[in-house]
Amino acid sequence: MRGEQQAPTDLHLVGELTVLRSKSMDDAEADYSWRIDPELAALDATRPVTLTFTEYLRYHRDDVNYPSPWSVRMAIDTIGGHHIGNCMYYDINTEKSQCELGIMIGDRDYWSRGYGTDVVKTALAQIFMTTELERVYLHTLSHNYRAQKAFIKAGFTPVTDVKRDGYEFMLMEVWRPEWEAKNPDLLTSSSNDAPAETAPAPTSTSASQTDADPLLGS
Ligand SMILES: CC(C)(COP(=O)(O)OP(=O)(O)OC[C@H]1O[C@@H](n2cnc3c(N)ncnc32)[C@H](O)[C@@H]1OP(=O)(O)O)[C@@H](O)C(=O)NCCC(=O)NCCS
């Protein structure tokens with residue numbers, strides 16, 4: 001059946017180093033500091049946000065209160081509860097049975113210490129254990145070797161170079177059968193052992209619907 005469903009709003013997915021949880025208003029200050037950071041924007045092939053914090057708060061409030069049915073936005077906390085970044089899966093398309101994954105660890109103190117790999121593993125488990133999607137893909141800049149290594153460690157395979165908007169990306173993907181083959185322990189565990197307590201996942205998007213970032217107008 002096609003139709004919009006409510007995106008999960010009470011996620012709490014526990015990995016080995018990190019917790020993925022639903023976004024909250026308390027995230028606004030850290031998120032804003034990361035969104036205006038030119039280096040982080042460049043690593044994400046975007047432009048830094050130029051809004052004032054007050055203006056940004058309006059968008060953040062809408063994101064928290066009215067989540068898109070075609071995307072799931074999550075905050076990344078350390079196990080100790082320190083907010084270090086964000087992760088989302090978006091452009092959820094049930095006709096193509098796929099979605100795109102994005103991650104950004106804004107707190108540089110947590111780069112290259114295994115946190116990104118842990119987050120991506122948890123997100124993949126969430127997607128493959130709570131939806132029927134067959135494929136998760138992502139684009140990362142071709143020169144972002146740290147990101148590519150983390151994604152490969154988490155189960156992604158490089159597919160091909162993609163040129164878009166003047167950037168060169170590496171397209172990477174993971175398909176359900178290969179993920180299941182590598183995670184038999186997760187499959188044999190009961191549904192209660194899914195990486196989180198979860199609400200129903202969104203199930204549909206039309207081909208033309210995307211989750212372009214409203215702040216960037218892309
Ligand atoms: C990309 C990102 C999510 C990766 O998460 P992370 O926690 O830093 O990555 P991990 O520590 O799990 O894995 C990175 C691996 O790359 C290695 N690495 C770091 N810099 C590297 C480089 N320049 N070249 C090759 N490998 C590198 C690390 O040593 C580590 O490998 P190891 O575990 O074998 O030692 C995180 O760094 C991040 O968000 N960075 C800023 C934003 C960004 O790059 N966004 C792009 C996302 S598409």
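Student: Strand β3, residues 72-78: how many of its seven residues are buried?
Tutor: Five are buried, so β3 is mostly covered. Buried means 20 or more other C-beta atoms, placed from the backbone, within 10 Å of a residue's own. Strands are DSSP runs of E, at least two residues, numbered from the N terminus, and helices are runs of H or I, at least four.
Student: What kind of model is this?
Tutor: It is predicted: local features need pLDDT of at least 70, side-chain atom pairs count only at 80 or more, and totals for chains, interfaces and linings use all residues. Residues are numbered from 1 along each chain as its sequence is written.
Student: Which strand does β3 join over five bridges?
Tutor: β2, residues 18-22, and the two run antiparallel. Strands pair if DSSP finds at least two bridges between them. Arginine 21 has alanine 75 in β3 as its bridge partner.
Student: How many bridges link β3 and β4?
Tutor: Six, again antiparallel, with β4 spanning residues 83-93. Valine 72 stands opposite tyrosine 89 in β4.
Student: What sits in that hairpin between the strands?
Tutor: Four residues, and glycine 81 takes a positive phi near 95°.
Student: New topic. How many residues surround the ligand?
Tutor: 21, and among the closest are Gly116 and Tyr145.

Technical notes:
A residue is near a molecule or strand if its C-beta atom, placed from the backbone, lies within 6 Å of it. A residue is buried if 20 or more other C-beta atoms lie within 10 Å of its own, exposed if 12 or fewer, and partly exposed in between; C-beta atoms are placed from the backbone.
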